[in-house]
Amino acid sequence: KRTLRTLFRPVALPPPVLPETSPSQRKLLAYHRGKEQQEMINQLLIDRALEVYYLTMDETDKDGTAPPVTELPSTVRKPLKILSFQEDYFFLKKCLQSNPMVPIQQQWLRSVLAMVPQSLMEGRDRKLLTEDDLKEIVRDYEKSMQRCVLRRALIRPDIEELNKMEEEAPLPLLPLGLDFSSTWHSSYITAKDQIISTLHVLHPTMKKLLDFGYTAFFNFLVVDFSSSRLKGPVDCKSFKTDASLSCSKAEDEIMSTWHQRVIRLFTQSEALDGVKLDQLESFYNCVAVLMSNQLKELLQRTTEVFVKLFDPEDRSRLPLFKMDLTFDENRMEFYPSLQDLEEAILFVVDCIGQTLQNVQTMHAWLTGGTATLDAELPAHTVQWAKSTLKKSIKDNLEGPNEHFKGYVESYGWLVDGTAEERINRFVAEQPSFDEYT
């Protein structure tokens, strides 16, 4: 029934006069106000989502048969929640980025400039370059401070879509084990002086020694058979003799030219300028290593050039060898044998490796010692050269082998006793005249 209570609304009393709020009350009111605002925003988002949901309904839902939607479906509720998190996160991030950062102190910039040598601060366009460097330092500082504040004050929601939208490199980690309490320039100068005083390869004498080796060896070979093919066939014995004479002649030439220049260099007083008395042994050790490397490089390069002469794919410089087909003791064979031919070719590699093995070190020559340079060919180089040559010899001797087999198959029965045995058997049978015929 309609009564006065239902016709008239209850009288709204004015709000009581409250005393001044305390800090804790202000916090509580701010919290409630923020909660109400968040609820209002959520309601607006829900209304918008419902509107989008109705617009995307199919025709069967629009004819009124489907029940009215009073709350968001689960397929819409989850994206809506993610959307709310993203908007809140980007809003807070924008607020933090808009806040002013603490500027870099000027004394820090002055300290950075103080570490730059004065020679780099003088000259044309140096002032402009310094200003650009300082601007870059300020930009890097502000960017780093902004990232640190964001990482410290704002936690990014663990949302896969947000990770794809905002890919940010991790903050650089502080290097461990480095002391930044002092400048690097003094330690750099100390290390540089120590290197100059102990690394003897930087000594001017070493540069001259390198020049001597390059001048003497850059176009020199201990054994050179590149023009052997033009001289015609050669027998194995002569081939080995030529290799031995060539190695001996090359060693005499090197000792009379390159080694003598090195001796003259170290007999001068300027050769040891700046070398202290306690560093003489290490200095001469460096000289010995440098000379050894030069001799090893010469022998290795000579070996490689000799092996390349027998390349089956390029026979333009392949040496020619004289081989005889002989008959001895009812046997047909090559002289020298194929094994002797292989041994003669491999002998050249051994001959090269035995060259320049008795060269005295400079320290031994000056003091009357007997120490020699380590100029031995590396074992892997010798193994490679011999295995490659064996394969090349086998490939190149396929033709002579076939030729030899043809002789044996065609005429071997005449010389191995088969023909004589057949004749004696025929005579012993005492055939008739017709059979003789």
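Helices here are DSSP runs of H or I, at least four residues long, numbered from the N terminus. By that count, Ser 292 lies in helix H12, residues 280-308. The model is a predicted one.

**Stop 1: Ser 292**

Select Ser 292 in helix H12. Is Ser 292 buried or exposed? Its relative accessibility is 8%, so Ser 292 counts as buried, the cut-off being under 20%. Now show its side chain. The side chain of Ser 292 reaches the backbone oxygen of Ala 288, at 2.8 Å. Next, look beyond the neighbours within four places in sequence. There, Ser 292 is in contact with Leu 373 and Asp 374.

**Stop 2: Glu 297 and Arg 301**

Stay in helix H12 and select Glu 297 and Arg 301. Their side chains meet in a salt bridge, 3.3 Å from N to O. The two residues are 4 apart in the helix, which means a separation of about one helical turn. Glu 297 is partly exposed, with a relative accessible area of 41%.

How many salt bridges does a search of the whole structure find? It finds 6. Two others, between Asp 350 and Lys 386 and between Asp 395 and Lys 391, come next.

**Stop 3: Asp 350 and Lys 386**

Select Asp 350 and Lys 386. They form a salt bridge, with the closest N and O atoms 3.0 Å apart. Which helices hold the two residues? Asp 350 lies in helix H13 (residues 338-353) and Lys 386 in helix H15 (residues 379-396), so the pair ties together parts that are 36 residues apart in sequence. Colour both by accessibility. Asp 350 is partly exposed, at 30% relative accessibility. Lys 386 is also partly exposed, with a relative accessible area of 25%.

**Stop 4: Lys 391 and Asp 395**

Move along helix H15 to Lys 391 and Asp 395. Here the side chains meet in a salt bridge, at 3.3 Å from N to O. The residues are 4 apart in helix H15, so about one helical turn separates them. Lys 391 is exposed, with a relative accessible area of 57%, whereas Asp 395 is partly exposed at 22%.

**Stop 5: Arg 156**

Finally, select Arg 156. Where does Arg 156 sit? Its place is in the loop between helix H6 (126-153) and helix H7 (160-165). At 35% relative accessibility, Arg 156 counts as partly exposed. Arg 156 and Lys 93 are 63 residues apart in sequence, and their C-alpha atoms are 9.4 Å apart in space.

Key. Residues numbered from 1 in each chain as written. Predicted model: local features only at pLDDT ≥ 70, side-chain atom pairs only at ≥ 80, totals over all residues. Heavy atoms only, no water. Buried < 20%, exposed > 50% of the residue type's maximum accessible area, 1.4 Å probe, protein only. Polar contact = N/O pair within 3.5 Å; in protein donor to acceptor, adjacent residues only side chain to side chain. Contact = heavy atoms within 4.5 Å. Salt bridge = Lys/Arg side-chain N within 4 Å of Asp/Glu carboxyl O.
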